[in-house]
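Here is a short tour of one protein model, meant to be read with the structure open beside it. Please take a look around before reading on.

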Amino acid sequence: MHSFILPPTKTVADLTRAARERILILDGAMGTQIQTLGLDEDDFRGHGGQCCSFHSDHPQKGNNDLLILTQPKAIEDIHYAFAKAGADIVETNTFSSTTIAQADYAMEQAVFDLNVEGARVARRALDRATAEDGRPRWVAGAVGPTNRTASISPDVNDPGYRAVTFDDLRRAYGQQIRGLIAGGADLILIETIFDTLNAKAAIFACFEAFAEHGARLPIMISGTITDASGRTLSGQTPTAFWHSVRHARPFSVGLNCALGADAMRPHLAELSAVADTRICAYPNAGLPNAFGKYDEEPEDTAAKVEVFAREGLVNLVGGCCGTTPEHIRAIAEHVASYAPRQIEETADA
Ligand SMILES: [Zn+2]
């Protein structure tokens, strides 16, 4: 595909240069910030409960992505708060903006708009911040794992059954990624990967969308280690995970979410030893308490993330569940004096 050998855009060149100079900062959790707003069903639907321009009889409370269309100013303000706290890269609020994930809310018809507007609202927030301080910032189009797994049966009595296929995922991700590109995303971030086959469908969808678009966006790939055995849900060690996704020639590979920074460190060290690209880590604010809330203090999370930097394991860091703008500010301060992990740069990474 000839489009892959086009020279990088200025945006990508600027990003690559910044990553060479310092550890880049990602934003924190959108969900935690949305919770603090205390929105009810009418707020989620927006416009006095009309449900934006799309109709669904299904309750929408909890459909955080829909707020891109129904409460865009609130979402923009959260992005802006993370940008001002020190985030170089801000993720769109599109973790569940695929037809597969939106089926839970009967909101599949909104998916393309969610992604286009999701990228635009993030761009607006970053442009506001940059107008004030002149710092460049990048929009990462967030692509979540969906709520189905292509390599494991959800039915214990029928291990051969699959609730979703590679092609279902490829199509759904393709629609999402085209929307993110149309809205102006600078990168694509495939995150919280618990099933590598889902991620491979997203990677394939990126290749198809980039070929149509005529330019390749940097891809960030982030897996999640869900249990103490140090494997993803689909059973891979960090090394196996890397070998499964390295054909994407990603801008970065890394880990997010799951068990907090302490538990992430050995898995990150393993990935850092094998991957010939940048390493990205954005852990949760510790482990959830008995109420499912994250209460690790910003200084505590930041001190743990600083260990990654001190050991030379990372090129990008940020926060996942439970991390606030205060966490991101503390993380940015703690890693500022450390050099990024050294990598040999290839032409397209
Ligand atoms: Zn998380």
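## Basis of the model

This is a predicted model, in which local features need pLDDT of at least 70 and side-chain atom pairs count only at pLDDT 80 or more, while totals for chains, interfaces and linings use all residues. Residues are numbered from 1 along each chain as its sequence is written, and side-chain values use heavy atoms, with hydrogens and water left out.

## Overall fold

The protein has 13 helices and 8 strands; helices (H or I, at least four residues) and strands (E, at least two) are DSSP runs, numbered from the N terminus. Its radius of gyration is 19 Å, close to the 20 Å from the globule rule for 349 residues, so the protein is as compact as a globular protein of that length. That radius is taken over C-alpha atoms, and the rule is 2.2 Å times the number of residues to the power 0.38. Along the principal axes, the C-alpha trace spans about 50 × 50 × 50 Å.

Of the 349 residues, 55% are buried, where buried means under 20% relative accessible area, exposed over 50%, and partly exposed in between (1.4 Å probe, protein chains only). Among contacts (heavy atoms within 4.5 Å) with a separation of 6 or more, 78% join residues 24 or more positions apart.

## The zinc site

Which residues hold the zinc ion? Cys-257 (SG), Asn-284 (OD1), Cys-320 (SG) and Cys-321 (SG) coordinate the zinc ion at 2.2 to 2.5 Å. Donors here are N, O and S atoms within 2.8 Å of the metal (3.2 Å for Na, K and Ca); water is not among the atoms, so sites may look incomplete. The angles among the 4 donor atoms run from 95 to 128 degrees, and the site is tetrahedral, a label for four donors with all angles between 85 and 135 degrees.

The donor residues follow the spacing C-x26-N-x35-C-C. Cys-257 in strand β6 (residues 252-257) and Asn-284 in the loop between β7 (278-283) and α12 (298-310) are 27 residues apart, so this pair links distant parts of the chain. Both Cys-257 and Asn-284 are buried.

## Two positive phi values

Most residues other than glycine have a negative phi. Thr-146, in the loop between β3 (138-143) and α8 (166-182), has a positive phi near 65 degrees. Thr-146 is buried, at 10% relative accessible area.

Arg-249 also has a positive phi, near 45 degrees, and lies in the loop between α10 (238-245) and β6. With 43% relative accessibility, Arg-249 is partly exposed.

Technical notes
Four donors count as tetrahedral if all angles lie between 85 and 135 degrees; four count as square planar and six as octahedral if opposite donors are over 155 degrees apart and all others between 65 and 115; anything else is irregular.
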